[in-house]
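Please open the model in your viewer and keep the selection panel at hand. The stops below proceed from strand pairing to aromatic rings.

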Amino acid sequence: MFQDSRPDTLMLTHYTLHDVFAASGQAGQESAFLELGVGARPLGMGGAFVAISNDANATYWNSAGLTYLKKRELTSMHTELFMDSRFYYLAYVHPFSERTGNFGLSWMQLTSQDLPKTRGVVDENGNPVIDPNTGKQKVEIYDYFDTTDNAVLIGYGKKIKAKIRCGINTKLILRKMNGESGFGLGVDLGGMYEPIDKLSLGLIVQDIGRTRVHWTTGSNDYTPMNVKLGGAYTVLNHDESNLIVTADISQKIKKKHDPIFHLGGEWKIAKLIALRLGYDDSNLTAGAGFMMKLDGTTFLADYAYVT
């Protein structure tokens with residue numbers, strides 16, 4: 001379905017701008033920084049990338065897509081988020097052969113500084129001080145702290161049959177918060193199937209058996225298993241223009257979590273410009289990409305806007 005005609009080494013530099021921070025409509029999960037999404041190309045398409053996953057971002061979105069890459073790829077991303085938080089991402093894919101399979105390596109980091117510590121205000125007798133405007137206990141800031149979350153993803157993909165591709169992804173998680181550290185290990189499994197020409201189906205099961213992060217305090221955080229299913233259809237495909245539409249559904253295996261829907265499209269024009277639109281769990285997204293060739297290497301600059 002997806003053809004690779006790019007030169008030997010492809011370097012991608014992605015810049016993503018977020019209007020407001022929203023990991024998802026149900027943010028606040030343990031290791032939620034892993035849900036932010038990576039790559040301006042997938043994010044511009046609403047995060048509907050499970051059935052495409054055919055670039056250096058495949059290690060994150062669906063490692064089965066690593067099998068589409070015939071040439072080496074490198075990609076990076078930097079995003080400014082909320083409250084002086086910054087998100088960094090770097091990924092590399094090295095293809096070997098159809099028999100051996102392809103490998104990918106990526107790194108993600110979210111840093112936040114001067115986050116406030118709050119507590120309820122009490123009087124000299126230890127009784128809660130009530131705010132007359134809200135009817136609730138007043139809250140005060142008494143200190144600040146920093147956090148740093150890191151994850152290293154190691155992916156492998158192999159083409160099993162002409163229409164079937166499989167992949168596995170291992171996640172090493174290191175978190176630091178308020179002087180304490182946490183370490184975790186997670187595993188994702190992905191697959192892709194092309195039942196007919198121009199149609200691709202993708203499936204990924206993330207955090208199999210839940211991913212545990214063990215803290216130096218002795219406590220544990222658990223990220224529930226998540227299942228994503230998607231489909232992508234190439235509406236138009238010729239030398240001067242390429243149009244793909246795609247849709248995903250994501251469901252956490254946990255009570256009180258509704259499914260999340262992602263829709264997106266990408267229109268490539270003359271192999272020079274790409275325009276993207278998407279819908280990510282009630283948020284609209286948009287993006288654009290530009291290609292430049294220099295000394296046998298193709299450079300792509302991708303931009304995305306996520307509301």
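Select strand 7 (residues 180–193) and strand 9, which pair in the antiparallel sense over four bridges; strands are DSSP runs of E, at least two residues long, numbered from the N terminus, and two of them pair if DSSP finds at least two bridges between them. Here leucine 185 stands opposite arginine 212 of strand 9. This is a predicted model, in which local features need pLDDT of at least 70 and side-chain atom pairs count only at pLDDT 80 or more, while totals for chains, interfaces and linings use all residues. Residues are numbered from 1 along each chain as its sequence is written, and side-chain values use heavy atoms, with hydrogens and water left out.

Valine 213 stands opposite aspartate 221 in strand 10. Between the strands of this hairpin lie four residues, and glycine 218 takes a positive phi near 100 degrees.

Then select arginine 210 and tyrosine 222: the charged end of the arginine sits over the tyrosine ring, 4.1 Å from its centre (CZ of Arg or NZ of Lys within 6 Å of the ring centre and within 35 degrees of the ring normal).

Finally, display the aromatic rings; the whole structure holds five aromatic pairs. Rings of Phe, Tyr and Trp (its six-membered ring) pair if their centres lie within 6.5 Å, with planes under 30 degrees apart counted as stacked, over 60 as edge-to-face and the rest as tilted. The rings of tyrosine 60 and tryptophan 61 have centres 5.0 Å apart and planes at 80 degrees, so this pair is edge-to-face.
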